[in-house]
Amino acid sequence: MQKVALFVDVQNVYYTTRQAYQRNFDYNAFWAMATKGREVITAIAYATDRGDPKQKQFQNILKAIGFDVKTKPFIQRSDGTAKGDWDVGITLDAIEFAEQADVVVLVSGDGDFDLLAEKIRTRLGKQVEVYGVPKLTAAALVNAADIYIPIEHQLLLN
């Protein structure tokens, strides 16, 4: 049985599915698809935390599905911009857990992860699957993956 490690960039998937489809990502459908016939060694969802009750409820749903949820505070800068990305945390965890996995699954369209995908594939010899919204996933990330799975209708909530 293949061993799989799942890493979900919650902010990225939220905003890209909203922008492309005006719908939300279906985490249950994703879990069923990505873990079918596989042993899950880790599943981490990376989110920002604004301390709002609805967000806590969502994080509890993710935990019930099987994800470990990592949060960091949402930072609003004085110039109006915001910060809350998990690129470094996702990268460190993915490299750490890749050694135990046969397949590393990354849910993000962020092109910054192309180097991560390439390293896991070439240096560690692991299969990399990327799930992303087609119009909003960086070509470099798609090209760095072994398998690209478009986030489309079957992975969206109605």
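## About the model

This is a predicted model, in which local features need pLDDT of at least 70 and side-chain atom pairs count only at pLDDT 80 or more, while totals for chains, interfaces and linings use all residues. Residues are numbered from 1 along each chain as its sequence is written, and side-chain values use heavy atoms, leaving out hydrogens and water.

## The largest pocket

A pocket here is an open set of points on a 1 Å grid over the protein atoms alone, where a 1.4 Å probe fits, with protein on both sides within 12 Å along at least five of seven lines; lining residues have an atom within 4 Å of a point.

The lining counts 24 residues, and Y14, N24, K54, Q55 and F58 come closest to the centre. By class, twelve are nonpolar, eight polar and four charged. At least two residues each come from α1 (10–21), α2, β2 (38–49) and α3, with α3 giving the most, eight.

## How α2 meets α3

Helix α2 (residues 27–35) packs on helix α3 (residues 53–65) at an angle of about 25°, their axes 10 Å apart. That makes the two roughly parallel (angles under 35 degrees).

In contact (heavy atoms within 4.5 Å), Y27, N28 and W31 of α2 meet F58, L62 and I65 of α3. These residues divide into five nonpolar, one polar and no charged.

Technical notes: Axes are lines fitted to C-alpha atoms, for helices over the stretch in contact, and angles run from 0 to 180 degrees between N-to-C directions. Helices (H or I, at least four residues) and strands (E, at least two) are DSSP runs, numbered from the N terminus. Angles under 35 degrees count as roughly parallel, over 145 as roughly antiparallel, 65 to 115 as roughly perpendicular and the rest as oblique. Ala, Val, Leu, Ile, Met, Phe, Trp, Tyr, Cys and Pro count as nonpolar, Asp, Glu, Lys and Arg as charged, and the others, Gly among them, as polar.
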